[in-house]
Amino acid sequence: MKLLLVCLAIALFGATVAEKARYDNYRVYRIRVQTDRQLELLQAIEQYPDGYTFWNEPTKVGTEVLLVVPPHKRGHFSDIRAQYALRAVLQTANLQEQIDQESRPSLRKETFGWTAYYRTDAIYAWLDSLVASYPSVITPLNIGNSFEGRPIKGVKVSYKAGNKAVFMEGLIHAREWVSGATVTWVLNELLTSSDPKVRQIAENYDWYFFPVTNPDGYEYTHTTDRQWRKTRSQSSVLCRGADPNRNWAYNFMQGGASSVPCSDTFAGASPFSEIETRQLSDFIATLDNLSTYLAFHSFSQLLLVPYGHTTARLDNYDETVQYTELIGQTFDKIAIGTKAINKLRERYGTTYNIGNIAEAIYVASGGSIDWVKGVLRTPLVYAYELRDLGRFGFVLPPEQIIPTAEETLDSIIVILEEGANYGYH
């Protein structure tokens, strides 16, 4: 009982005087998982981290993981590295320096833009300014409030009636800052670009943009902990938040999600336990003209399709990802997703891989794109894991926002063009 009271006191005290977490001298290592024994070790660390943090989950032999090692665990890491013959390469010597570079004040201009990362209020103020500037094209949207009372705001862009709809989801994972910046940049291009291909998709689809779908978590990454991922609901007496991309009511808790409230992949007490996912799903379900859903994450340079609970290639996998070669047969057509990542590579040489969630990265059930596909039967559903491959990870330098968004828009154009060829719109 004494221990519980002490923990409660610490939690309450911390809530009132929380100071910003720093990552001075935290190191990031890239580790190649070569044996089952090494995999068991890394999965044990993930379950009982004691300060360690994984940037991607250890799921199978033959893959690489990025592990953040705090200063107080350096000795321990050195010991297990030798004991288990871990092939670990130092990638970042001081994570805090990387965070400081990402957020340096000199990058932010008086007007909203894409040379820096902006907080929720600035993003929302920019959305409001668009409503004022384009009153005949843009409709403001507010689907409700987050756990801490922040609005979940978006906009609808529509140049004419009768269009099919595209939904753009950003920042469901709080620390993936480039996802929200990419969504806002694409929105700006649809309004301002004179490129004929951009104008074609801008004016012949209705667009729903929600750049910050987890506003509490995103604000927390700015004020308190840059590495925060989840929502900020009270999940237990000691821990906050659930993973909003494991909380959707389609194959909930069918792998790749945790029932432990303190875990980064805690799925929540039940499907749609989080008010953010509940309100977002309620709104999406009202869109009877929805033909395309695009979710944005970072990092890994992947284009993913449902599903996360199985590697089975279900629904329209062949058309949206890649054609399966049959014995004695070849296909002269390239599937939509493969064409999209080929186009994405043309501008800057950025290479993406493609597949369903479970085969391309790991089993991860209860995600938004699985629900949109499995429940609403939306024809074209993709999740982008944007730049990079781990050199900067979640702390992508703001100098890469515009290049990331440019190549992403190139691929979105292809997804919509090719989707039309298949009759999906």
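This is a walk through one protein chain, from its overall form down to single residues. Keep in mind from the start that the model is predicted.

Let us begin with the whole chain. It holds 14 helices and 12 strands. How does its radius of gyration fit with a compact globule? A compact globule of 425 residues would have a radius of gyration near 22 Å, and the chain has 21 Å, so the two agree. If you follow the C-alpha trace along its principal axes, the chain spans about 65 × 60 × 40 Å.

Of the 425 residues, 55% count as buried. The accessible surface comes to about 18,000 Å², and 52% of that surface belongs to carbon and sulfur atoms.

How do parts of the chain meet one another? Take the contacts between residues with a separation of 6 or more: 74% of them are between residues 24 or more positions apart. Keep that figure in mind when we come to single residues below.

Now for a feature you can look for in the picture: a disulfide. A disulfide is a covalent bond between the sulfur atoms of two cysteines. How many does a search of the whole structure find? The search finds one. Its partners are Cys-239 and Cys-262, with their sulfur atoms 1.6 Å apart. Cys-239 and Cys-262 both sit in the loop between helix H8 (215–223) and helix H9 (275–284), and they are 23 residues apart. The link between Cys-239 and Cys-262 is right-handed, with 65 degrees about the S-S bond. Is Cys-239 buried or exposed? Cys-239 counts as buried because its relative accessibility is 11%, which is under the 20% cut-off.

Stay in the loop between H8 and H9, where Met-253 also lies. Phi of Met-253 is near 55 degrees, a positive value in a residue other than glycine. With a relative accessible area of 32%, Met-253 is partly exposed. Phe-272 has its place in the loop between H8 and H9 too, and its phi is also positive, at about 60 degrees, although Phe-272 is not a glycine. Phe-272, however, is buried, with a relative accessible area of 14%.

The bond from Ser-298 to Phe-299 is cis, with omega near 5 degrees. You can find Phe-299 in the loop between strand S9 (290–298) and strand S10 (302–305). Another cis peptide bond joins Pro-306 and Tyr-307, and here omega is about 15 degrees. Tyr-307 belongs to the loop between S10 and helix H10 (317–320). Leu-314 has its place in the loop between S10 and H10 as well, and with a relative accessible area of 37% it is partly exposed. Leu-314 and Asn-356 are 42 residues apart in sequence, and their C-alpha atoms are 9.2 Å apart in space.

Let us now step back into strand S9, where Tyr-293 lies. Tyr-293 counts as buried because its relative accessibility is 0%. Which residues surround it? Leaving out residues up to four places away in sequence, Tyr-293 touches Phe-167, Glu-169, Ile-284, Ser-368, Ile-369, Val-372, Thr-378, Leu-380, Val-381 and Tyr-382. Pick out Thr-378 from that list: Tyr-293 and Thr-378 are 85 residues apart along the chain, yet their C-alpha atoms are separated by 7.5 Å.

Our last stop is Ile-143, in strand S5 (residues 138–145). Ile-143 counts as buried, at 17% relative accessibility. Apart from its neighbours within four places in sequence, Ile-143 is in contact with Ile-152, Phe-210, Gln-279, Leu-280 and Phe-283.

To look back over the tour: the chain has 14 helices and 12 strands, one disulfide, and 55% of its residues count as buried.

Terms used: Residues numbered from 1 in each chain as written. Predicted model: local features only at pLDDT ≥ 70, side-chain atom pairs only at ≥ 80, totals over all residues. Heavy atoms only, no water. Helix = DSSP H or I, 4+ residues; strand = E, 2+ residues; numbered from the N terminus. Rg over C-alpha atoms; globule rule 2.2 N^0.38 Å. Buried < 20%, exposed > 50% of the residue type's maximum accessible area, 1.4 Å probe, protein only. Contact = heavy atoms within 4.5 Å. Areas by Shrake-Rupley, 256 points an atom, 1.4 Å probe, with all protein chains shown as cover. Disulfide = S-S within 2.5 Å.
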